[in-house]
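The following note is intended to be read alongside the model. Please keep the sequence and the structure in view while going through the points.

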Amino acid sequence: MEEELVGIKNAAISFILECNSLEELEEVKLQFLGRSGKLTQAIKNIATVPLERRPEVGMLANEIKNIIEDTIEQKYQTLKSEHYKKRKSAIDVTKPGIKPEIGHIHPITHTILETIDIFKSIGFQVADGPEIETDYYNFEALNIPKDHPSRDTQQTLYLDTRESKVEPGEVILRTQTSNMQGRILEKMKPPMRVIVPGKVYRYEQTDASHGFEFWQLEGFAVDKNITMSDLFGTIDYFIKKFYGEDIKVKFVCHNFPFVEPGAEAYITCAVCKGKGCTFCKRSGWVEMLGAGMIHPNVLKTAKIDPNIWQGFAFGTGFSRMATLKYQMDDLRLLTNPDLRILEQF
Amino acid sequence: MLVPLSWLKEYVDITFSPAQLGERLTEAGLGVEKIEKIDGDIIFDLEITPNRPDWLSIIGVAREIAAIEGKKIKLPRIKNDLEKNKPKNVLPLTIKTDYKINPRFTGIIIDGVRVKESPGWLKEKLLKMNQRPINNIVDITNFVMLEFGNPIHAFDYNKIEGNIMQVKQARGGEPFKSVDGFNYRLPKDAVVICDSKKIIDLCGIKGGYNSGTFDSTKTIFVRVPVENPVLIRHASQYLALRSEASSIFERGVNAGGTIEALKRCVDLILELAGGEIASKTYDLKDQEFNPWKVKLRPERLNKITGIEIKETEVLNILEKLNLKPKKSAEIITVTVPTYRNDLKIEEDIIEEVARLYGYNKFPKTLPFGEIQTTEIPYFKNYKTDEKVKNILTSCGFSEIYTYSLISERALEGMGINPDKALRIDNPVSLEYEYLRPTLKPNLIKALIQNKPNFDEINLFELGKVYSGKNIDEAKEEYYLSGISNKKNYYEIKGIVEAILDELGIPSGDEAGLTKNIEVVDEGIIFELNYSKLLEKTTNKKIFKPLPKYPPVMEDISLVINTEIKTADIISEIKKQSEIIKNVTLLDQFDDTRTFHIIYQDMQKNLSKEDTVKIREKILKTLKEKFDAEIRK
């Protein structure tokens, strides 16, 4: 019995050492240690050994088993490292990877999603509203009566009202996302913090910085104690999160009929960081937002008592924010579906 | 508006450099667009907001500078005293007006003027502000308008027939030749002045040619009016005729300033053109145009601004703005001069204090207080859009944004009757006349545009479409469309199904899916009514426990007439037992289709006998319904 076991051990070791691949090694392992392997069978036969000699033979068998297992393990490690070396040398690691075909999200979407993230972090919710709008919500509810000269700054596209009950001129394409102020204010009780990204329309000839269709962002907040300092702080926070902390924001007084006091925000040019370049016409500053404290007439129109509630509102050209962020020198690039543009985002 | 620094300096001492001054004025709300050095002078190009007619004058701008610099303004010295004027010869003139259309009519006759070229200093001032010098009388009226902000017109008195001036509204369609020689047809309700025979003035916009001041003019009537802003705006918009005067009247002229402007004008005429006053001072009005009072509560000022500005500073600012603040109890009362008709309510005064205090001195805070936790009206969940867009980009599609406005040709190209689409009355061009009822034409155009540069093109747009054949039925909905020139029908269908899965909409039940995918010349295009899908979407994901017992899977190959739809076969198989969890088409070759069936019982282990029974039932039914044979 002992000779048989020793014979198995010697045979196993020589087989193991001769193995040239992991597959061969696996075969050898099965041949000796498998369910019907030589050693397994021999160990089963120990039962036939006289009782008094069984412990001794058993110990030897165990020892041999350990030796074979260790040898297999050593050989396994050697073969495996050789195997990896071989596989690796077959790969030219300097060759470029094969990229999966992935499409691209449009810069306007990037801008919208990033803006939403920033405002969500300070408690704002996002609303979406109609583009086909009444003169009432677009102008009148915003303290811009029919013959207000400020209408000149927002030349309007009018919808064809033939064969309808609507008076000509009463239904338009919204010229500003501020139309949502009146709509939301009249539908809910303050406090509220709202942003509205959306498309707006103007009767305007297209050039590098103008278009008849473009994107705006409207924001407003109403509560009992919302102040001008909050307005300036909110805009400052948004701009710095959006363009980077090194961007400066400055405010000047401005008039918009739906706010009082009114303001305009300029930011240091995100392209040249204020040094002066073609984007900012060498001034280092870019006009970015219109803002102010919501005019009491706007609150009153929505049946909100301006003696209890107060708030701020702001609006900005989203298309312009996007082009400035990505240093695109023409608004029309945003509506150009050229994949050579889209692939960059 | 162009404003020369040299002229401003006649009224106020300026210590700031032009650049500093530009910055301070902009901060205060008087936007300086450009500062240019021209012929040894500095010219400011100002953007005047619609609320400030006073800034359309040199003195108005000088007042702002005086407030910023903390200086006093030096107004031109008036020599004559028109209130007590006693002319030697009085020429006859009857004036009839209507205060609703002409709130104030101030004027005077001057006889014996000599019309000639203006002196150099006057011409130079006008030229710097882009005004063409004409003759001394016209130039003086323009000069005083630029200086004081009150438009003035000089009529040739001898051409006013019947010695009568009557202010009334046009019937509409009357011909009118302006003093600069252009012909117009007047809109209805335009305010005009007629003599006994004809229209001699288009009020607030342009004087008439037939009563203008030319070289032969000897006697003039100088009129300084207050016009109705709305009526002026209507007429000037209708005629597309803008003048300095109409811009001022539209914004609301300084109604309390007509006499001062007339005095200044008369001074200059007597000095530069000679002649003498030949009438009383006409001043027709039905109300006094006096300064008004507005109350400011310092507590309200603090509550709106969020800062505490010292009371002495508040009073000082209001003083500098010539608002004559009076403090009593807890209230400051200001008296607003008539040239500031933008100051009507407390918030207007708050802005005055805040802007001169300096917006950039404010601390920057975030709103505190209650956060609204309920969903706001018009709420939109952009997360869903983002998920859908991520699926499309991971499938190789790039996002585009195209115009909502399209051409009649584009509609017809899609077989859509333009009469059934929403139309713009005043499109910027015929290319952008209709609101798109589908995203498809723009996607096709975009694909074609990319062809020269790309082999495989996959594009999508998530955007609004507009339906309804007229405004009453107008409806806006988001559509999601995509186009591909290389992917096949099944790949596109699979992508659409993946989107529906993500939205929690069972795609199998959307039998209508096939009508949303279309084969066009350029490739395959899909279009989904995204707004409708969002109504059906089930965002809630609820975990289903994993089955305790293993499923049994098998593949069955059937020979079935190729006319029979796969979807019908699958639904028939599913009907045969509740434990059939899923059936998919594995393979199709000629008339043989192989289906992969998963049996799963949640309660027990399935035995061979269990599935064999169901299998027989399936085969029997398919044989009866579709004459299907099992492939041997």
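**Note on chains A and B**

1. Chain A is divided into domain 1 (2-89) and domain 2 (107-342), where domain bounds come from an automatic or database domain assignment. The C-alpha centres of these two domains of chain A are 79 Å apart. The model is predicted, so local features need pLDDT of at least 70 and side-chain atom pairs count only at pLDDT 80 or more, while totals for chains, interfaces and linings use all residues. Residues are numbered from 1 along each chain as its sequence is written, and chains are lettered from A and ligands numbered from 1 in the order in which they are written.

2. Two cis peptide bonds in chain A deserve attention. One runs from Pro190(A) to Pro191(A), with omega near 5°; Pro191(A) lies in the loop between α7 (179-185) and β4 (192-201) of chain A. Helices (H or I, at least four residues) and strands (E, at least two) are DSSP runs, numbered from the N terminus. The other links Glu260(A) to Pro261(A), with omega near -5°, and Pro261(A) is placed in strand β7 (residues 259-268) of chain A.

3. Asn143(A) is not a glycine, yet has a positive phi of about 65°. This residue is found in the loop between α6 (135-138) and β3 (171-173) of chain A. Is Asn143(A) buried or exposed? Asn143(A) is buried, because 22 other C-beta atoms lie within 10 Å; the term requires 20 or more, whereas exposed means 12 or fewer and partly exposed lies in between, with C-beta atoms placed from the backbone.

4. Lys281(A), also not a glycine, has a positive phi of about 50°. Lys281(A) belongs to the loop between β7 and β8 (285-294) of chain A. Lys281(A) counts as exposed because it has 12 C-beta neighbours inside 10 Å.

5. For chain B, the assignment gives domain 1 (2-69), domain 2 (82-285), domain 3 (294-359), domain 4 (382-536) and domain 5 (552-630). The C-alpha centres of domain 2 and domain 5 of chain B are separated by 95 Å.

6. Chain B contains an open sheet of 3 strands in the order β16-β18-β17, with antiparallel pairing; two strands pair if DSSP finds at least two bridges between them. β16 (292-296) and β17 (326-328) of chain B each have a single partner strand, so one side of each is left without a neighbour in the sheet. Between β17(B) and strand β18 (residues 331-336) of chain B there are 3 bridges, and Ser328(B) stands opposite Ile331(B) in β18(B).
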